[in-house]
Every structure is written in structure tokens, then in C-alpha cells.
Amino acid sequence: MPLYMAVTPDEYELPIFVESNIEKLSKLTGSHPSSIRSMASRNNRGLTKCKKRSKTKYRFYSVNV
């Protein structure tokens, strides 16, 4: 069962929201579900680097439990 997380965009990446449904997470964060899915995929593959002064509110990850 995949869980989707919105974490802080700093070097600590503390979890803010954890949901099992992308639509619920999109309502909490104000992001589009397809954007969350795309960002989670890129972050899980290591294609994005965490910057200390990121302009985004959240970073998204998906975790299989």
C-alpha cells in the first residue's frame, strides 16, 4: 500500500502530511494530483536535489508499506 508524504523542503525533510490517497493530499497542500505524482516519482529516483532555500512549500515522496 503506497503512502504519499509532503515534507519540508529543507535538509531535514520533516513530514507534514501523510496520506494514503493522492487526492486527499492534494486538497491538504493545494497542489494538483498529477503534480504530486510527478514530483514524488522524481524525488524517489533522486532526480531532484534538495536546496536550502527552495521556493516550494513541500517536497513529495511515495513510500510502499
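**The salt bridge and what surrounds it**

Guide: Arg 59 and Glu 13 form a salt bridge, with their closest N and O atoms 3.1 Å apart. The term means a side-chain nitrogen of Lys or Arg within 4 Å of a carboxyl oxygen of Asp or Glu. Arg 59 sits in strand E3 and Glu 13 in the loop between E1 and E2, so the pair ties together parts 46 residues apart in sequence. Helices (H or I, at least four residues) and strands (E, at least two) are DSSP runs, numbered from the N terminus. The structure holds one salt bridge.

A word on the source: this is a predicted model, where local features need pLDDT of at least 70, side-chain atom pairs count only at pLDDT 80 or more, and totals for chains, interfaces and linings use all residues. Residues are numbered from 1 along each chain as its sequence is written, and side-chain values use heavy atoms, leaving out hydrogens and water.

Glu 13 is partly exposed, at 25%. Buried means under 20% relative accessible area, exposed over 50%, and partly exposed in between (1.4 Å probe, protein chains only).

Now step to either side of Arg 59. Tyr 58 and Phe 60 are both buried. Their ring centres are 6.2 Å apart and their planes meet at 50°, so the pair is tilted. Rings of Phe, Tyr and Trp (its six-membered ring) pair if their centres lie within 6.5 Å; planes under 30 degrees apart are stacked, over 60 edge-to-face, and the rest tilted. Ring pairs also bring in Phe 17, making a cluster with Tyr 58 and Phe 60.

Tyr 58 and Phe 60 belong to the largest nonpolar core, which has eight residues. Such a core is a set of buried Ala, Val, Leu, Ile, Met, Phe, Trp, Tyr and Cys residues joined through side-chain atoms within 4.5 Å. E1, H1 and H2 each supply at least two of its residues. Ala 40 is one of the members. Beyond its neighbours within four places in sequence, Ala 40 is in contact (heavy atoms within 4.5 Å) with Phe 60, Tyr 61 and Ser 62.

Helix H1 (residues 22-29) joins the picture too. Its buried residues are Ile 22, Leu 25, Ser 26 and Thr 29. They pack against E1, E2, H2 and E3, the strand that holds Arg 59.
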